[in-house]
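Hi,

Here is the structure I promised to pass on. Have a look at it first, and then read my notes below.

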Amino acid sequence: MVINTVLSVMAYDYPAEKISVYLSDDGGSDLTFYAMLEASRFSKIWLPFCKKFKVEPRSPEAYFRTAVEPLGEPVLAKEWSTVKILIDGRDSEAMDIQGQPLPTLVYLAREKRTQYHHHFKAGAMNALIRVSSRISNSPIILNVDCDMYSNNSKSVRDALCFFMDEEKENEVGFVQFPQAFENLTKNDVYSSSLNVATKMEMPGFDGNGGPCYIGTGCFHRRETLSGKKYNKNYKEDWKRWSNRSVKESSRVLEDTSKVLASCSYEENTQWGKEIGLKYDSAVEDVLTGLAIQCRGWRSIYFNPERKGFLGVATTTLLQSLVQYRRWSNGDFQIFASRHCPFVLGYKKIPLKLQLSYCIYLLWAPTSLTTLYYVIVPSLCLLRGISLFPQISDPRVLAFVFVIFLHRAYSLGECIWLGGTFKGWWNDQRMWLYRRTTSYFFGLLDYILKRLGFTKSAFVITTKVADDDVSQRYEQEVMEFGTSSPMFTILATLALLNAFCFFGGLKRVIADLETMVWEQFVLQILLCGLLVFINLPVYQGLFFRKDVASMPTSVSYQSTIFALLACVIALY
């Protein structure tokens, strides 16, 4: 997967001598290094093949659609920097089989020591920025995740059109492409398509002052990642980059670059603060993009008909929930700090852009209101306490109007963006699951960290799935199979609403003649909707017998917790 991404970027429809590709291998894997070495040899055949036959996409795996065996990556303790120029684009012998120049290809594994914080992805990116400035120092930097291969060889030219625009070229700091995935199921079982975000919210960002930086598929002006502030009098001199030549040999460049990738290089410097990607955040991309905009640079959102990049979406429920847990925690961390858009962006970016950021930065606290609506009305129904106007009261029309109008708008939006009705229903389910687990744990992580009980951790999302997992994913069968506190919460809430629904229904039927049922219609509908949306959880708890069903321990714990809550509510 990593090598396919590298080859797809090397094969851009752009002069090869102006392209330099850097791979940051934070695991320091011998396997990855030698795979890169083989890729450098294969590129001599693959690149001319792509150009001759106008191949799209230019990822070999995506083009040939052959099965790729998951090799895995052995992680080694890395106590030295490795910088290797596998292809030196300046070398006259760096040619493909047709005699055309090859792009520069560099392998980097930065030094790591336990006494120095390596700052996860942000630290790896900053090491890449420094090493690339020594070897090629190109004015434009594209960063992609290992699973996001180039799906359009014209993307680099499209991005450069914005940077070189005669009217607004000087103010553009970065051009962000949408995050798209090639392995989505027909009805998007885990709501991974990001359709609303990429087709509605991000264009809205663009209109309000510029999109946020999402960490992949983004072309940056090098100056923006070096802490440079935008100046109206700034004028880019593109010729100075074309005339630049590095005369040192590859060996000299490798040796001098190792220092730039050492773990102690950033000590007592502004790296991670004012220079490079920002540290101390689980979503370093969002924070870095906000800082760039606050320095006066403009960002552009570009969503071409042919996607610029395609990646791999999560294939299990737990992967999806863990990913959103990290995002919601990092986003709220920004909001509750001095980097809050209303503080950092005061009089620097438009108020409407500051508000736009809150769509994501306030994910975590929305968990509290969602948990309230999932728990309290159901328990009150079981206890016989009415929370909403009775069905004959005219005031109930306001509730009905808001509920149905909002759901109808949501469904229409999904269908208009190319989704299906079942896909919309899956989206509603995942919306509920993320808010009651991912966002809640994201908020809890933030509180515990502030109190000093935990430290920051960067949870890597798995990109390779077993064959059985992939098969269930393609069949849109929800994957459980693992004990997790998030599954315990999901199962407890599902059982709680089932108990309350049938218990409340029994109470209403018993008092049918007294017309008491009119007071509980909305609560019954809400509780019934929650039961219906949780059908996959009930199946995982009681009816499925495969390895992906809900673990027995989770079933026992959730049943006890749900019954205990009901008993407390009744007595």
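Let's start with Gly123, which touches Arg110, His118 and Tyr279, not counting residues up to four places away in sequence (contact means heavy atoms within 4.5 Å). Gly123 sits in helix H4 (residues 120–135); helices (H or I, at least four residues) and strands (E, at least two) are DSSP runs, numbered from the N terminus. At 3% relative accessibility, Gly123 counts as buried, where buried means under 20% relative accessible area, exposed over 50%, and partly exposed in between (1.4 Å probe, protein chains only). Gly123 and Cys263 are 140 residues apart in sequence, yet their C-alpha atoms are 9.4 Å apart in space.

Before I go on, some ground rules. This is a predicted model, in which local features need pLDDT of at least 70 and side-chain atom pairs count only at pLDDT 80 or more, while totals for chains, interfaces and linings use all residues. Residues are numbered from 1 along each chain as its sequence is written, and side-chain values use heavy atoms, with hydrogens and water left out.

Next, Pro57. You'll find it in the loop between helix H2 (30–53) and helix H3 (60–64). Is Pro57 buried or exposed? Its relative accessible area is 11%, so Pro57 is buried. Leaving out residues up to four places away in sequence, Pro57 touches Ala62, Tyr63, Tyr149, Ser150, Asn151 and Arg306. Pro57 and Ser8 are 49 residues apart along the sequence and 7.5 Å apart in space, C-alpha to C-alpha.

Now two helices. Helix H6 (residues 195–207) has 13 residues and reaches 18 Å from its first C-alpha to its last, close to the 18 Å expected at 1.5 Å a residue. The expected span is 1.5 Å times one less than the number of residues. Where does H6 bend? The bend is at Glu201, by about 30°, and a proline, Pro203, follows within four residues. (The bend at a residue is the angle between axes fitted to the seven residues ending there and the seven starting there.) Ala197, Thr198, Met202 and Phe205 are buried in H6, and the buried residues of H6 pack against strand S6 (172–176), strand S8 (298–301) and helix H12 (351–361). Just after H6 comes Gly209, with a positive phi of about 140°.

On to charges. A salt bridge is a side-chain nitrogen of Lys or Arg within 4 Å of a carboxyl oxygen of Asp or Glu, and the count comes to 18 salt bridges. In one of them, Arg157 pairs with Asp13, the closest N and O atoms being 3.9 Å apart. Arg157 lies in helix H5 (residues 155–163) and Asp13 in the loop between helix H1 (2–10) and strand S1 (20–24), so the pair ties together parts that are 144 residues apart in sequence. Asp13 and Arg157 also belong to a salt-bridge network with Lys154.

Asp445 and Arg325 meet in another salt bridge (2.8 Å, N to O). That pair links distant parts of the chain, with Asp445 in helix H15 and Arg325 in helix H10 (residues 317–335), 120 residues apart.

Arg395 forms a salt bridge with Asp393, with 2.8 Å between the closest N and O atoms. Arg395 is exposed at 56% relative accessibility, whereas Asp393 is buried at 18%.

Finally, the cysteines. How many disulfides does the structure hold? The number is 0, a disulfide being a pair of cysteine sulfur atoms within 2.5 Å. The sulfur of Cys566 is 4.3 Å from the closest cysteine sulfur, in Cys500, which is too far for a bond. Cys566 counts as buried, at 7% relative accessibility.

Happy browsing!
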